[in-house]
Amino acid sequence: MNKIYLLVFLLFTSFSFSQTHYDSDQFIVTLKDISSKTFDKDSTANALVIYESGKSFVGQGDYRLHTKFKHKIKILNKDGFDKATVKIYLYKTKSSSEKVKNILATSYNLVEGTNKVITRKLDKSNIYEEKYNDNYTIVKFTLPNVKVGSVITYSYETVSPFMFNYKSWHFQEDIPKLYSEYRTSIPANWIYNIKLIGYKPLDINTRDIEKNCLEGARGASSGCSLSHYAMKDIPAFIEEEYMTSDTNYKARIEYELKTFQGFDGVTHNYTKTWESVDDELRKDPNIGKQLSKSVDLPKLLPQNVYSIEDNLERAKSIYHYVQTYYTWNGDYKIFKDVDIKDLIKTKSGNVSEINILLHNLLKESNIDVKPVLISTRNNGFPTKIHPVISDFNYLIVQANINGKSYSLDATDKFLDFAELPFRCLNQHGRLLDFKKGSTWMDIKVENISKVFYNVDLKANDDFFTGSVQSKITGYHALNKRKDYFPNTQEYFDALEKRNENLEISNIEIDCEKETSSEFKESYDLEYFVENSGDNIYINPFLVTFFNENPFKLQERTYPIDFGYKDTYYYALKLNLNEKYELVEAPEDFKIVLPNNTGTIALSTKQVSNELIMTFRINFNKALYAQDYYPYLKKFMSKIVEIQNNSIVLLKKIG
């Protein structure tokens with residue numbers, strides 16, 4: 001009988017921690033905090049933040065930004081000892097720097113078998129300062145007498161002259177937290193863009209006004225905006241496969257200074273508009289000036305490359321020439337050290353140099369092109385509500401040909417035309433147009449990446465013979481090309497060792513060049529199985545798509561980002577050759593993800609003397625919201641189970 005399962009949305013209660021054994025509403029350490037030994041809601045946690053708070057305000061006497069920190073942490077096992085070492089990063093310039101003062105730290109332990117508490121305070125002689133880099137100094141200390149079960153507390157205050165750098169607050173980190181709060185007092189003189197990042201909502205989010213909180217000369221004064229932010233029961237942020245940078249998802253509040261108005265009434269604007277940024281980039285020596293440089297096509301390109309009449313074919317020819325004859329040096333620089341003259345001379349350069357040269361060559365050959373600023377997957381999402389140029393770390397090219405747009409990057413020798421490196425698939429980019437103004441554009445892959453395997457087996461007396469043919473496209477083909485072309489023998493060796501029950505021969509690869517859009521593979525095989533009397537058990541999956549379930553978290557608080565849509569297809573034809581009869585085969589099976597965003601379908605049937613089995617997996621979205629996680633987790637688990645545990649039972653005839 002066919003089995004069809006539909007995964008439907010359920011209402012999930014929010015991730016909630018029991019606070020029964022800890023006092024999470026105060027900084028003071030209690031006997032409950034010390035005597036508790038476990039954290040039931042996350043047995044994998046090495047440590048637990050029971051309580052933490054921060055308070056930022058502008059000092060009346062010095063007009064500097066003061067921030068007071070308090071932390072209370074439970075050490076749950078030896079791997080949590082690193083939380084007893086505290087590092088305070090202090091920003092500095094050539095003329096000024098942040099300071100830290102009033103460092104206090106204490107460890108609390110129980111005498112075994114009693115309720116007696118032993119405390120050890122941090123000796124100030126064990127506080128160290130060291131240079132981190134040109135912009136930061138580190139003040140570091142380690143709490144004394146830390147053991148499994150210890151509770152540690154520490155507090156300190158930072159004083160900063162840099163009001164543009166209002167202290168951000170990180171609610172979510174790599175260990176769970178029961179309570180985290182941040183209180184701010186911001187004088188009306190300073191106006192900030194305030195951004196809550198992450199997918200966990202605030203439990204407390206209140207605002208109030210305090211009049212005359214800051215006084216200036218000649219009786220001038222300013223009111224303050226008072227804010228109170230807090231989160232409770234915050235799960236640890238744990239990285240898992242299929243995600244972009246963790247900076248996109250960790251719950252926190254960040255500030256960027258927008259304007260400042262002095263008591264004299266003069267206003268200074270710090271946040272720029274895209275109009276002003278476009279103008280700056282147009283004049284920038286590393287961006288606009290390089291993009292406007294003229295190039296000599298006959299000098300830089302062979303005639304058969306730039307003289308092609310068809311626009312699309314000419315663009316492809318120029319792209320592949322740059323891709324082949326210029327080498328990316330691995331640098332992501334886009335706002336400094338960009339010089340296409342150096343690239344032309346050395347044939348090696350950074351991302352901007354290679355793609356700006358591509359841009360200029362296409363432009364000179366009458367192709368409509370624009371540069372696009374992006375942030376790579378490991379760099380975080382760019383801010384969209386206002387310009388933050390430092391968010392971008394990469395430059396690609398958009399070519400518009402015959403009414404269609406193509407995104408191009410010539411840094412990778414294996415990319416096909418209009419195929420971006422996986423690192424670039426980060427949702428959005430800023431298309432620069434110095435005449436009409438820049439705009440946001442989506443960075444997404446339209447085509448579905450596909451993996452197809454066809455297996456043809458024929459039964460012999462004690463083994464099976466047959467062949468395998470595959471056709472692979474899109475990003476799966478890109479990965480195959482990168483495995484195959486650098487060392488074909490290594491690729492063949494790995495293929496032959498992939499399944500110990502198979503002997504592979506006559507391997508043939510159909511992929512003309514390193515940038516071919518398809519990768520085809522075929523080989524002959526002999527499949528040896530163990531006999532159990534007259535019965536033979538075989539696993540029908542000679543090729544598997546996923547060896548294990550990549551999703552292992554109890555809860556995932558951030559999206560699942562595959563980067564592109566894909567589909568997998570496996571077909572088996574097993575000719576019993578009148579030597580066996582079919583006793584048992586896998587049951588038909590189907591799973592559908594919510595909103596038809598993915599499917600698994602397994603089908604088997606016997607036609608005359610042949611067993612026909614097909615297995616299809618579809619991921620219909622490149623990006624799944626975190627609400628899909630429990631369904632995707634079950635989905636992937638079922639894929640692995642089908643591949644590893646499906647059995648075909650055959651019985652010898654005669």
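A polar contact is a pair of N or O atoms within 3.5 Å; within protein, one must be able to donate a hydrogen and the other to accept it, and residues adjacent in sequence count only if both atoms are side-chain atoms. This is a predicted model, where local features need pLDDT of at least 70, side-chain atom pairs count only at pLDDT 80 or more, and totals for chains, interfaces and linings use all residues. Numbering runs from 1 along each chain as its sequence is written, and side-chain values use heavy atoms, with hydrogens and water left out.

Colour by pLDDT, the predictor's confidence in each residue from 0 to 100. The protein chain averages 92, and 96% of the residues score at least 70. Now select residues 1-20. Here pLDDT stays under 50. The model has 48 contacts (heavy atoms within 4.5 Å) for this stretch beyond four places in sequence.

Go to S365. This residue sits in the loop joining α8 (351-364) and β19 (368-374); helices (H or I, at least four residues) and strands (E, at least two) are DSSP runs, numbered from the N terminus. S365 counts as buried because its relative accessibility is 4%, and buried means under 20% relative accessible area with a 1.4 Å probe, protein chains only. Show its side chain: a polar atom there lies 2.9 Å from the backbone oxygen of L362. Not counting residues up to four places away in sequence, S365 touches L297, R314 and I318.

Next, select Y570, F615 and F619. Within the largest nonpolar core, which has 66 residues, they touch the most other members. Such a core is a set of buried Ala, Val, Leu, Ile, Met, Phe, Trp, Tyr and Cys residues joined through side-chain atoms within 4.5 Å. Helix α11 (residues 629-645) supplies its largest share, eight residues. Finish at the second, separate core of 57 residues, with L362 and V369 among them.

Methods. Buried < 20%, exposed > 50% of the residue type's maximum accessible area, 1.4 Å probe, protein only.
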